[in-house]
Amino acid sequence: MSGAFCPWCGTRDCGDCRRPAYEAPRHCDGCGRRLRVTVHPTGWETRCRRCGTVSTSAEAREAVRLPEGG
Amino acid sequence: MTAAATTRPTGEARSRLRAAEVALIDERRLLEADELRALAALDDEQVPALTALAHAVRLEWCGPTVEIEGILSVKTGGCPEDCHFCSQSARFSETLPAAPFLDVDEVLAAARETADTGASEFCMVLAIRGPDERTLQRLISLVPLIEAETGLNVAVSAGILTDDQAGRLADGGVHRYNHNLETARSFFPQIATTHTWDERYETCLLVRRHGMELCCGALLGMGETVEHRVELLGQLQSLDPTEVPLNFLNPRPGTPLQIRRPLRPLEALRWIALFRLALPGVILRYAGGREITLREFQAMGMTAGINALIVGNYLTTLGRSPDEDLRMLDDLQMPIGALSGVI
């Protein structure tokens, strides 16, 4: 999640939002559009109907575990 | 404050708690509205005593076992109803986009995830007013597949039912049907206007009439008063559900209730205890909003009357990890298993 749009409020270059607790991303970080979110018992998947981008909780966990350069 | 001023309420509190203990443990009768009102009015300092009584009542009526359930939104968003707490209503701005009914493979994968947590129950939930024929057939076709794949009991939450639909779900093997009253009849018009509380109540009666276990829950923190909550408890007593999932409002962006604040943890604990004292034999399940409401008080709810959990994520929001809940139960030495109503 390194795009120009905030995944929580959907605005460009927001910079103000902190990730809410217990939430999957709500907006596409590539275009800001509201995501279609599927929440399942141990994870989530989001899909942007404009960009076609799919992201998952497994990827998000991995990104936290293995930060860039680490 | 004088010594007399601090002693007198404590004495009153003791007598109210003692009277409830006699009613629930010695006489094994349900508490009436006035008795619940008296307990609801106890000072905050008395909440630990209230929760201790609720825990004793839970053990006396239900035993130590805790039931675990996983839930899945199989059809998300686009709901025509206007429940003011819900992010799945199509009537509010900024709520969730509609998504189609999940594929069979997705539902089975979620059921397997649920089974892996040690759960005994899996509930498919749909954001709809009530099922159309195609939806009903899909649900009925999924029940045996989930049972065969996982061995879980299958529950369904698909809104308002007709008599025929309730019968077909029961015949199709649905173990438990969820339909929440959410709040008291007198407060309900402030929460939803596209259907009535009475329609919800009627569906609950149909569920019982057709032999499914009734799961009928509440959502606290929508602005209802103590009197509304006591009213709701009486209405739940009259329905005699097998399970009551207890939700706490998680104010969702874009909904009319987005401006409300979550309940204070101590108030949530007080009402967990009161739900147990009003409904001593019910499966009282921790449900949505517990993480943001109770924070570090999660384990205290388990010793305040709760005897069931939704583990993992909720319909559209995330929960804490199942591992955390399983560790909590292990620490509390509460065994996991399937429960059924004992009232």
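The second largest pocket has a volume of about 220 Å³. This is a predicted model, where local features need pLDDT of at least 70, side-chain atom pairs count only at pLDDT 80 or more, and totals for chains, interfaces and linings use all residues. Residues are numbered from 1 along each chain as its sequence is written, chains are lettered from A and ligands numbered from 1 in the order in which they are written, and side-chain values use heavy atoms, with hydrogens and water left out.

Now the terms. On a 1 Å grid over the protein atoms alone, a pocket is an open set of points with protein on both sides within 12 Å along at least five of seven lines, a cavity is a set where a 1.4 Å probe fits but cannot get out, and lining residues have an atom within 4 Å of a point. Grid points are joined across faces, edges and corners, and a volume is the space filled by probe spheres set on those points.

Back to that second pocket. From chain A its lining takes Pro20(A), Ala21(A), Tyr22(A), Glu23(A) and Arg26(A), and from chain B Asn250(B), Pro251(B), Arg252(B), Pro253(B) and Ile292(B). By class that is 6 nonpolar, 1 polar and 3 charged residues. Here Ala, Val, Leu, Ile, Met, Phe, Trp, Tyr, Cys and Pro count as nonpolar, Asp, Glu, Lys and Arg as charged, and the others, Gly among them, as polar.

The largest pocket has a volume of about 820 Å³. Of its 37 lining residues, Arg19(A), Trp44(A), Ser57(A), Ala60(A) and Arg61(A) lie nearest the centre. Which elements each supply at least two residues of that lining? They are strand E2 (43-47), strand E3 (54-56) and helix H1 (57-65) of chain A, together with helix H12 (322-332) of chain B. Helices (H or I, at least four residues) and strands (E, at least two) are DSSP runs, numbered from the N terminus. H1(A) gives the most, with 6 residues. The lining divides into 16 nonpolar, 15 polar and 6 charged residues.

The largest cavity holds about 980 Å³ of space. It is lined by 45 residues, and closest to its centre are Phe85(B), Cys86(B), Asn180(B), Glu182(B) and Leu315(B). Strands E1 (67-75), E2 (121-126) and E7 (243-248) of chain B are the elements that give two or more residues to this lining. Its classes are 20 nonpolar, 16 polar and 9 charged.

The second largest cavity has about 140 Å³ of space. Among its 13 lining residues, Glu23(A), Arg26(A), Arg34(A), Leu96(B) and Arg252(B) lie nearest the centre.

Now the helices of chain B. Two packed helices are described by the angle between their axes and the distance between the axes. Axes are lines fitted to C-alpha atoms, for helices over the stretch in contact, and angles run from 0 to 180 degrees between N-to-C directions.

Helix H2 (residues 33-40) of chain B packs on helix H8 (residues 226-239) of chain B at about 140°, with the axes 10 Å apart. Contact here means heavy atoms within 4.5 Å. On the H2(B) side the contact residues are Ala33(B), Leu36(B), Arg37(B) and Ala40(B). The residues of this contact come to 6 nonpolar, 1 polar and 2 charged.

H8(B) also packs on helix H9 (residues 265-278) of chain B, the axes coming within 10 Å and crossing at roughly 30°. H8(B) is therefore roughly parallel to H9(B). Among the residues in contact are Leu233(B) of H8(B) and Trp271(B) of H9(B). By class, the contact has 9 nonpolar, 1 polar and 2 charged residues.

Last, helix H3 (residues 47-62) of chain B and H9(B) come within 9 Å, axis to axis, and cross at roughly 35°. Their contact has 11 nonpolar, 1 polar and 3 charged residues.

Technical notes:
Angles under 35 degrees count as roughly parallel, over 145 as roughly antiparallel, 65 to 115 as roughly perpendicular and the rest as oblique.
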